[in-house]
Amino acid sequence: MIVGGSILNQILDTVGSDSQDIHLLGGYFDNVYEIRSEKSIVVKIFNSEVDQEELILSEIEWTRYLHEHGINVAIPILIKEESYIHRLSDNLFFVAYEKVKGTHVDIQSEVWNEELFNQWGRAMGNMHALSKLSKSKYKRPEWHEHKIYHMDMSQFDPFIREKWENCLEVIKSMTPNNDTYGVIHGDLHHHNFLYDTDKFTVINFGDSECHWYAYDIAIAIYHASQTVKDMDKRKRFANIFFKSFMDGYSVENSDVNKIVKEIDFFIHFRHLYSFVYHNQFLDRTNLNEKQRQYLEDMRRTIINQDSYFGIALV
């Protein structure tokens, strides 16, 4: 998302900031900014042609619900006691969040260990347990409402299209119930939490939706395991991560046996989903050689492997 200086100045005026230090933090679509000041603020800019205000309000409501029940999250800010959503133009609007204390964990550091994986699992288990009790005014979307499931797939290899359709049929055949299905984070990899002296804070709930809890767990396992490049070491890491993560998860959500049986399937599906997502939403004309090779490696493994790890965790 390309945002001009006038829009950024408008944001500064709206939040009433004395600071002029506003800079891009990132985000998948380069739409997240930080305003540095004594009390720094993180701003997320949305385009109403893509993001419906009602869905953003449901995300805010869900985030506040988690905060009120003890989950460490980035808290949306009610500016001037008026609204969480602030319009910038006919299409653009933004939401401001308190800047969370903490940093992304360096996977090469000593903090990247089984204790962290356990905390990661506890945080997710707690959110899933709270999902069972939630009665929200604004409902999070169902998984199948995501636009990725309604897009043209003709650009993909026929074998990948077949795998995609087969996976969707499997998911649609699953019977949801309150113990296995509810609101998930939807993208809780190691770049979507911040860590500070044992405090684990979850951020970025933009992909939260109603889905199987097993898929949320699979997302964490899949992305954590991607940090290990050697395949044999990756398999060993996945087993260690899975045990530590689920030990923490089960402390907060005891219905583990009803959930875990679908995790292996959802890990493989996440690999396929990620490949489809990148190809559908990235501007392929601006990819560098490393990015193109990454997508080609993904394509090859999807075609040649029946499962992502080649082993079963469950």
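Predicted model: local features only at pLDDT ≥ 70, side-chain atom pairs only at ≥ 80, totals over all residues.

Colleague: In the open sheet of five strands, which strands stand at the edges?

Modeller: The sheet is open, with antiparallel pairing, and its strands follow the order S1-S2-S3-S5-S4.

Colleague: Which residue stands opposite His86 in S5?

Modeller: S4 and strand S5 (residues 92-98) run antiparallel and are joined by two bridges. Within S5, the residue opposite His86 is Phe94.

Colleague: At about what angle does helix H2 run to S5?

Modeller: Helix H2 covers residues 53-68 and lies across strand S3 (41-47) as well as S4 and S5. Relative to S5, the helix H2 runs at about 5°.

Colleague: Is Ser131 buried or exposed?

Modeller: Ser131 is found in helix H3, which spans residues 114-131. Its relative accessibility is 9%, and because the cut-off for burial is under 20%, Ser131 counts as buried.

Colleague: With the side chain of which residue does the side chain of Ser131 make a polar contact?

Modeller: Leaving aside residues up to four places away in sequence, Ser131 touches Trp62, Gly182, Val183 and Tyr213. Trp62 is 69 residues apart from Ser131 in sequence, yet their C-alpha atoms are 9.2 Å apart in space. The polar contact between side chains, at 3.3 Å, is made by Ser131 with Tyr213.

Colleague: How many residues does the largest nonpolar core have?

Modeller: The residues with the most contacts inside this core are Trp120, Trp164 and Phe269. Phe269 touches Tyr149, Trp164, Cys167, Leu168, Ile171 and Tyr215, not counting residues up to four places away in sequence. Apart from this core lies another, of 18 residues, among them Ile22, Tyr33, Ile79 and Leu92. The number of residues in the largest nonpolar core is 74.

Colleague: What is the angle between the planes in the aromatic pair of Trp143 and Tyr149?

Modeller: The structure holds 33 aromatic pairs, and one of them, Tyr28 with Phe29, is edge-to-face at 5.0 Å centre to centre and 75° between the planes. Tyr28 is partly exposed at 39% relative accessible area, whereas Trp143 is buried at 4% and Tyr149 counts as buried at 16%. Ring pairs link these residues into a cluster that also includes Trp164, Tyr215 and Phe269. Trp143 and Tyr149 also form an edge-to-face pair, 5.2 Å centre to centre, and the angle between their planes is 85°.

Technical notes. Residues numbered from 1 in each chain as written. Heavy atoms only, no water. Pairing = 2+ DSSP bridges. Helix = DSSP H or I, 4+ residues; strand = E, 2+ residues; numbered from the N terminus. Contact = heavy atoms within 4.5 Å. Axes fitted to C-alpha atoms, helices over the stretch in contact; angles between N-to-C directions. Core = buried A, V, L, I, M, F, W, Y, C linked by side-chain atoms within 4.5 Å. Buried < 20%, exposed > 50% of the residue type's maximum accessible area, 1.4 Å probe, protein only. Polar contact = N/O pair within 3.5 Å; in protein donor to acceptor, adjacent residues only side chain to side chain. Phe/Tyr/Trp six-rings, centres within 6.5 Å; stacked < 30°, edge-to-face > 60°.
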